Amino acid sequence: MADEMAVRDGEAVSRFVERFGAQLTEAGMPRMAARVFAQLLASDTAAMTSAELGEALRISPAAVSGAVSYLAQVNMVSREREPGSRRDRYVLHNELWYETFTRRDQVLTLWEKTLREGAAGLGADTPAGARVAETAAFFAFMQGELLGLLDRWRAYRETLDLG
């Protein structure tokens with residue numbers, strides 16, 4: 001029946017969480033934060049309590065706390081009060097990837113400004129100044145491309161039938 005919850009293969013979910021968590025770790029995210037993020041992503045509700053995360057990942061409450069603190073700091077999850085309870089649950093942000101890349105755009109703007117100032121201070125005719133100026137130009141290029149990419153994503157997302 002359509003109203004029944006789909007049966008999930010717990011082993012397949014665990015393999016996904018560990019594999020994606022490892023890939024996020026390789027990309028620079030702290031290991032526990034990567035695993036917690038992947039577990040939340042794999043959750044049908046995109047929200048879990050600390051106890052649920054600890055049980056699913058077989059990690060300590062302290063490890064969960066550290067991971068969710070990191071994820072909250074980088075705006076990837078929010079802490080919400082569980083309805084009718086004093087327990088918190090951790091929730092993935094809506095449009096997570098869009099928001100993450102939008103914040104990256106803000107970082108690129110800041111870096112570009114600092115690099116341009118640095119290039120001017122180092123002197124455009126010096127090897128260091130030229131290198132820093134090229135890096136600033138790269139970030140300016142990336143920012144322009146990212147903005148166009150995000151616009152195209154929003155248009156494309158409207159065409160998807162993801163339920």
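Modeller: Accessibility comes first: a residue is buried under 20% relative accessible area, exposed over 50%, and partly exposed in between, with a 1.4 Å probe and protein chains only. The model is predicted, so local features need pLDDT of at least 70 and side-chain atom pairs count only at pLDDT 80 or more, while totals for chains, interfaces and linings use all residues. Residues are numbered from 1 along each chain as its sequence is written, and side-chain values use heavy atoms, with hydrogens and water left out.

Side chains of opposite charge can pair when their charged atoms come close. A salt bridge is counted when a side-chain nitrogen of Lys or Arg lies within 4 Å of a carboxyl oxygen of Asp or Glu. That rule gives eight salt bridges here.

One of them joins E80 to R89, at 3.4 Å from N to O. E80 is partly exposed at 33% relative accessibility, and R89, at 26%, is partly exposed too. Another salt bridge pairs D88 with R81, with an N to O distance of 3.5 Å. In that pair D88 is partly exposed, at 23%, whereas R81 is exposed, with a relative accessible area of 51%.

The salt bridge between K113 and E117 has an N to O distance of 2.9 Å. Both residues belong to helix 5 (residues 96-122) and sit four residues apart, about one turn of the helix. E117 is partly exposed, at 49% relative accessibility. Through shared partners, salt bridges also link R79, R81 and D88 into one network.

Now the fold around these pairs. Helices (DSSP H or I, at least four residues) and strands (E, at least two) are runs numbered from the N terminus. The protein chain has six helices and three strands, in the order α-α-β-α-α-β-β-α-α from the N terminus.

A nonpolar core is a set of buried Ala, Val, Leu, Ile, Met, Phe, Trp, Tyr and Cys residues joined through side-chain atoms within 4.5 Å. The largest such core holds 25 residues, and M29, V36, F37, L40, L53 and L71 have the most contacts inside it. Helix 2 contributes the most, with seven residues. Setting aside residues up to four places away in sequence, L53 is in contact (heavy atoms within 4.5 Å) with residues including V36, L40, V68 and Y90.

Apart from that core lies another of eight residues, among them L108, V132, F139 and L146. Helix 6 (residues 127-159) has 33 residues and spans 48 Å between its first and last C-alpha, close to the 48 Å expected at 1.5 Å times one less than its number of residues.

For the chain as a whole, buried residues make up 30% of the 163. The C-alpha atoms fill a box of roughly 70 × 40 × 30 Å along the principal axes.
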